[in-house]
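Hi,

Here is the structure I promised to pass on.

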Amino acid sequence: MKRLLAHGAGRIYQMGSCFRAGERGRRHNPEFTLLEWYRPNESIAVLYKDVADVVSAVLGRALEPQVFQVATLYRKVAGWDPLMAWDEDRFDEDMALKIEPALPQTGLVYLVDYPAPAAALARLNPKDTRVAERFEAYLDGMEIANGYGELTDAEEQRRRFEATVTMRKERGLPTYPLDEAFLRDLPKMPPTAGIALGIDRLVMAACGVRDIAQVRSFCEER
């Protein structure tokens with residue numbers, strides 16, 4: 001989709017199946033459905049309204065999001081500042097075990113200003129380069145969407161991809177070739193806000209259920 005943007009597609013969206021190996025549970029299935037859309041020449045702020053509008057329309061009631069800065073929550077809830085001392089493993093563990101359980105468990109919540117190392121595809125905030133233009137939306141305590149001010153600097157994107165490859169090699173994880181076609185097209189992509197929203201989880205919230213198996217025709221065994 002980003003290559004389409006680079007070739008002048010304008011505002012675009014798609015909804016379809018996605019696949020992620022190794023994740024199974026009440027909120028995870030290896031096959032899931034995403035709605036993804038991009039707004040060229042607009043800022044990430046427009047996505048805040050988009051998500052609220054989509055969720056409000058599906059649920060049939062207006063929702064006003066509560067907004068929390070990621071670093072502020074980590075200082076308050078987890079007792080450390082990821083902007084001062086980055087630790088990816090600790091960040092991910094604390095997000096799952098401390099931060100997410102501490103969020104309001106009803107309504108719409110936005111986590112904003114993610115640390116730069118936690119946003120490999122997002123551009124940095126020009127006012128504070130320690131954070132990236134990334135936010136995540138939570139509905140009734142479930143993560144439902146992940147939005148970016150998209151990075152369009154091909155050299156910086158290549159550097160981040162290569163750093164990821166190095167990290168995966170050091171951890172003994174599989175590595176993958178860089179997407180050279182994407183990197184060639186990236187400089188032609190306009191400044192863009194982009195987001196992916198999980199349809200299964202949105203339907204879960206609309207139906208008042210807590211297991212993804214209740215809203216999919218088939219789920220893999222756990």
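This is a predicted model: local features need pLDDT of at least 70, side-chain atom pairs count only at pLDDT 80 or more; totals for chains, interfaces and linings use all residues.

Residues are numbered from 1 along each chain as its sequence is written, and side-chain values use heavy atoms, leaving out hydrogens and water.

Now the overall build. The chain has seven helices and nine strands (DSSP runs numbered from the N terminus: helices are H or I with at least four residues, strands are E with at least two). For 222 residues, a compact globule would have a radius of gyration near 17 Å, and the chain's 18 Å agrees with that. (This radius is taken over C-alpha atoms, and the globule rule is 2.2 Å times the number of residues to the power 0.38.) Buried residues make up 44% of the 222; buried means under 20% relative accessible area, exposed over 50%, and partly exposed in between, with a 1.4 Å probe and protein chains only.

What is on the inside? The largest nonpolar core has 28 residues, and Leu-47, Val-51 and Phe-135 are among those with the most contacts inside it. (A nonpolar core is a set of buried Ala, Val, Leu, Ile, Met, Phe, Trp, Tyr and Cys residues joined through side-chain atoms within 4.5 Å.) Elements giving two or more residues to this core include helix H2 (45-59), strand E7 (134-139) and strand E9 (192-198), and H2 provides the largest share, six residues. A second, separate core has 14 residues, including Val-70 and Met-95.

Zoom in on Phe-135: leaving aside residues up to four places away in sequence, its contacts (heavy atoms within 4.5 Å) include Leu-47, Val-51, Tyr-110 and Ile-195.

Is Leu-151 buried or exposed? It is buried, with a relative accessible area of 6%. Again not counting residues up to four places away in sequence, Leu-151 touches Ala-120, Leu-121 and Leu-186, among others. Leu-151 and Ala-132 are 19 residues apart in sequence and 9.6 Å apart in space, C-alpha to C-alpha.

Cheers
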